[in-house]
Amino acid sequence: MTAPHHIKLGDITIGNDLPFVLFAGPCQMESREHAFDMAGKLKEITDKLDIGFVYKSSFDKANRTSLNTKRGLGLDAALNIFSDIKKELGVPVLTDVHEASQCAEVADIIDIIQIPAFLCRQTDLLIAAAQTGKVINVKKGQFLAPWDMKNVLDKVIQSGNENVMACDRGTSFGYNTLVTDFRGLPEMGRTGQPVVFDATHSVQQPGGQGGTSGGQRQFVPVLARAAMAVGVAAVFMETHQDPDNAPSDGPNMVPVDQMEELLSIMKQFDTITKSNPVYIG
């Protein structure tokens, strides 16, 4: 196996052999007030638990199931809010892009550029993201085997950017269903690049409600603890104060008032795993 590659992000260091970092926030950015409320609550929780924290949210949900569902605030409005969150709360921020032209636009503010799972093999998008010099988080397509992610990561690395992570968000398993194969985490870790586990999209049921996606949020703690037992560099989780009334991905988001207890348990699992010399990467 390749030695674990560490990524520095301000005061945070991300690596498969280090304490896990949390990427968390609501699915889509709804308003300035909501973004600050969520980011503030998550920062308070992670400060208390001494967990590295990156705030995430999407400015545009470009792959919604139906044309009639909400997509987000849009790039310009969201970037202003992300900038203010960084300045006022002192936390790094993550968002996803869908077109190569968006990469340079977000790079002045965003700390981690995320490539959506459906777009993980889009070469021009990966190159454009790499050329920003920012940290890149690439979600593994639901249609890819974990070992296929080496070629995806190599597109970024060979474009001059070694600070790239591979994120597992489940694999297609029949209609409207995803399954997590935990063998995939150490398989991707063989590259040495940090591995991220997306605990909330892994319980999503794509298109499961007809015009929108469904989900089984009751299984998020189960999968999150399992990922901690395997060992990962970071965990991605979407959260909301009222998931049942969120504009997107509500069925698989964790209520924010449950996050502290869940993260506390996850940290205990992570500590045991990382104290063992057998870790991914």
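At what angle do helix 1 and helix 8 pack, and how far apart are their axes? In this predicted model, the two helices pack at an angle of about 35 degrees, with axes 10 Å apart; axes are lines fitted to C-alpha atoms, for helices over the stretch in contact, and angles run from 0 to 180 degrees between N-to-C directions. Helices (H or I, at least four residues) and strands (E, at least two) are DSSP runs, numbered from the N terminus. Residues are numbered from 1 along each chain as its sequence is written. Local features need pLDDT of at least 70 and side-chain atom pairs count only at pLDDT 80 or more, while totals for chains, interfaces and linings use all residues, and side-chain values use heavy atoms, with hydrogens and water left out.

Helix 1 passes helix 8 in a right-handed crossing. A crossing is right-handed if the near helix is turned clockwise from the far one by less than a right angle, and left-handed if anticlockwise. On the helix 1 side, the contact (heavy atoms within 4.5 Å) is made by L42, I45, T46, K48 and L49, and on the helix 8 side by M259, E260, L263, S264 and K267. Sorted by class, these comprise 5 nonpolar, 2 polar and 3 charged residues. Here Ala, Val, Leu, Ile, Met, Phe, Trp, Tyr, Cys and Pro count as nonpolar, Asp, Glu, Lys and Arg as charged, and the others, Gly among them, as polar.

Two of these contact residues, K48 and E260, also meet through their side chains in a salt bridge, at 2.7 Å from N to O. A salt bridge is a side-chain nitrogen of Lys or Arg within 4 Å of a carboxyl oxygen of Asp or Glu. Because K48 lies in helix 1 and E260 in helix 8 (residues 259-274), the pair ties together parts that are 212 residues apart in sequence. K48 is exposed, at 61% relative accessible area, whereas E260 is partly exposed, at 29%; buried means under 20% relative accessible area, exposed over 50%, and partly exposed in between (1.4 Å probe, protein chains only).

Helix 1 (residues 32-49) also packs against helix 2 (residues 75-89), at an angle of about 35 degrees and with the axes 10 Å apart. This crossing, too, is right-handed. Helix 1 contributes R32, A35, F36, A39, G40 and K43, which meet N80, I81, D84, I85, E88 and L89 of helix 2. The contact holds 6 nonpolar, 2 polar and 4 charged residues.

A salt bridge is found here as well, with the side chains of D84 and R32 at 2.6 Å, N to O. With D84 in helix 2 and R32 in helix 1, the pair ties together parts that are 52 residues apart in sequence. R32 is partly exposed, at 39% relative accessibility. Side chains of opposite charge can pair when their charged atoms come close. Across the whole structure, 11 salt bridges are found. One of them joins the side chains of D181 and R183 at 2.9 Å, N to O; D181 is partly exposed at 32%, and R183 is exposed at 64%.

In helix 3 (residues 100-107), Q102, C103, V106 and A107 are buried. Seen down the helix axis, these buried residues fall within an arc of 130 degrees (the arc of the directions from the helix axis to the C-beta atoms), so they line one face of helix 3. Their packing partners are helix 2, strand 6 (112-115) and helix 4 (123-131). A104, also in helix 3, is exposed, with a relative accessible area of 56%.

The buried residues of helix 5 (residues 149-157) are M149, V152, L153, D154 and V156. They pack against helix 4, strand 7 (135-139), strand 8 (164-168) and helix 6 (184-189).

Some loop residues complete the picture. D50, in the loop between helix 1 and strand 4 (52-56), has a positive phi near 60 degrees and is exposed at 64% relative accessibility. N176 likewise has a positive phi near 60 degrees; N176 sits in the loop between strand 9 (171-172) and strand 10 (178-179) and is partly exposed at 39%.
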